[in-house]
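Dear colleague,

Please find the structure below, followed by an account of what was found in it.

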Amino acid sequence: MIIDKVEEFCLKILEKIGLKALANWYRKHQEGMRYLVFGILSTIVNIVVYTIFSVVFLKGMANETLKVNISEIAAFIAAVAFAYITNKFYVFNSKTNGFKELAKEIASFIGCRIATEIISILMMNAAVRFNINDIIMKIVSNIVVIILNFVFSKILIFKGNKK
């Protein structure tokens with residue numbers, strides 16, 4: 001897989017520049033490190049889509065709360081699609097047998113992500129209410145969401161579906 005090759009290439013660079021211990025540590029904690037890498041990428045997808053909606057598509061919208069909520073939902077959909085694919089295939093190496101098992105996995109994933117999205121929306125609405133910059137709060141809420149999503153993915157969603 002290309003992800004494996006890129007990852008190994010980067011680890012070899014670390015070894016060449018004298019950071020072999022770091023490369024070995026990464027290999028030992030590969031699942032968590034991959035989750036962190038793809039979590040960061042998912043967060044970037046989330047923030048970019050949020051910003052595009054907030055600053056470009058919905059610029060000048062009179063109702064700030066509605067603007068934030070629409071932007072948040074668009075960002076959520078994009079990030080969840082990206083996160084499910086990367087978590088299933090590259091982080092947790094999940095294998096499902098048949099449509100029913102796949103549907104259950106997807107439903108669990110989406111359900112947990114909806115729960116953390118509600119937390120994010122509450123944080124974003126608090127930003128509007130207390131006049132806190134929404135982009136800064138978006139970053140803070142994503143840190144909280146990443147931690148919760150890892151716990152849910154590890155314990156509830158991909159727990160027994162390893163290849």
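**Helix crossing and aromatic pairs**

H3 and H6 cross with a right-handed sense (the near helix is turned clockwise from the far one by less than a right angle). Their contact (heavy atoms within 4.5 Å) involves, among others, Tyr 35, Gly 39 and Tyr 50 of H3 and Ile 139, Asn 142 and Phe 150 of H6. Helices here are DSSP runs (H or I, at least four residues), numbered from the N terminus.

This is a predicted model, in which local features need pLDDT of at least 70 and side-chain atom pairs count only at pLDDT 80 or more, while totals for chains, interfaces and linings use all residues. Residues are numbered from 1 along each chain as its sequence is written, and side-chain values use heavy atoms, leaving out hydrogens and water.

Rings of Phe, Tyr and Trp (its six-membered ring) pair if their centres lie within 6.5 Å; planes under 30 degrees apart count as stacked, over 60 as edge-to-face and the rest as tilted. The count comes to 9 aromatic pairs. Phe 92 and Phe 158 are stacked, because their ring centres are 5.1 Å apart and their planes stand at 15 degrees. Phe 92 lies in the loop between H4 (64-91) and H5 (98-129) and Phe 158 in the segment after H6, so this pair ties together parts 66 residues apart in sequence. Phe 158 is buried at 1% relative accessible area (buried means under 20%, with a 1.4 Å probe and protein chains only).

Tyr 35, Tyr 84, Phe 92, Phe 109, Phe 150 and Phe 158 form one aromatic cluster.

Key
Helix = DSSP H or I, 4+ residues; strand = E, 2+ residues; numbered from the N terminus. Buried < 20%, exposed > 50% of the residue type's maximum accessible area, 1.4 Å probe, protein only.
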